[in-house]
Amino acid sequence: MWNATSSTSRFSTRRIPAGEADARNATQAVLSALGERLDETRSHHLDGQLPEEIGTHLVEGASGRRFDYDEFLERVPERTDRAEVGGPERLVEAVVGALFEHVEENEREDLRERLEELDFEEAIPESGPGTRSDSNTAGQQSSVS
């Protein structure tokens, strides 16, 4: 479904200034911090849909910790070994966007809703599957029916 090479390609199409090693490092940093904030069950569901080298970062640490979006953004650079991966906001949006592209629709919708509940809306990309514009369009379509 998702391998390190395709994740790197996804990063480059999202204009993150990073080579393959930097993109991998950024992916690990964001997923690790996200896994700490999400509940254990959700992290394991997402992990099960990703290759081991990617998904394990969601479940390797403690889960269900309570911190706001600003603290989440502070945790991302703390986990990167390299400075050339861009700002945490762009990294988070790129990694969450790639995650949305590679998980099943029901998991994508559940994750999007959970991010909104946590006031992590800024992590939700503005375009692509499961995004802010995608969810707004879905809500408008269901109200028309």
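Trainee: Which side chain does Arg75 make a polar contact with?
Mentor: Arg75 and Glu36 are joined by a side-chain polar contact of 2.4 Å. By polar contact I mean a pair of N or O atoms within 3.5 Å; within protein, one must be able to donate a hydrogen and the other to accept it, and residues adjacent in sequence count only if both atoms are side-chain atoms. Mind that this is a predicted model: local features need pLDDT of at least 70, side-chain atom pairs count only at pLDDT 80 or more, and totals for chains, interfaces and linings use all residues. Numbering runs from 1 along each chain as its sequence is written, and side-chain values use heavy atoms, with hydrogens and water left out.
Trainee: Is Arg75 buried or exposed?
Mentor: Buried, with a relative accessible area of 14%. The cut-offs are under 20% for buried, over 50% for exposed and partly exposed in between (1.4 Å probe, protein chains only).
Trainee: And what is Arg75 in contact with?
Mentor: Leaving aside neighbours within four places in sequence, Arg75 touches Ala33, Glu36, Arg65 and Phe67; contact means heavy atoms within 4.5 Å.
Trainee: Switching topic, where is His57?
Mentor: His57 is in helix H4, residues 52-59. Helices here are DSSP runs of H or I, at least four residues, numbered from the N terminus.
Trainee: What does the side chain of His57 pair with?
Mentor: Glu60, through a polar contact of 3.4 Å. Beyond four places in sequence, His57 is in contact with Gln28, Leu31 and Ser32.
Trainee: How many residues of H2 are buried?
Mentor: 14 of the 18, so H2 is largely enclosed by the rest of the structure.

Technical notes: Helices (H or I, at least four residues) and strands (E, at least two) are DSSP runs, numbered from the N terminus.
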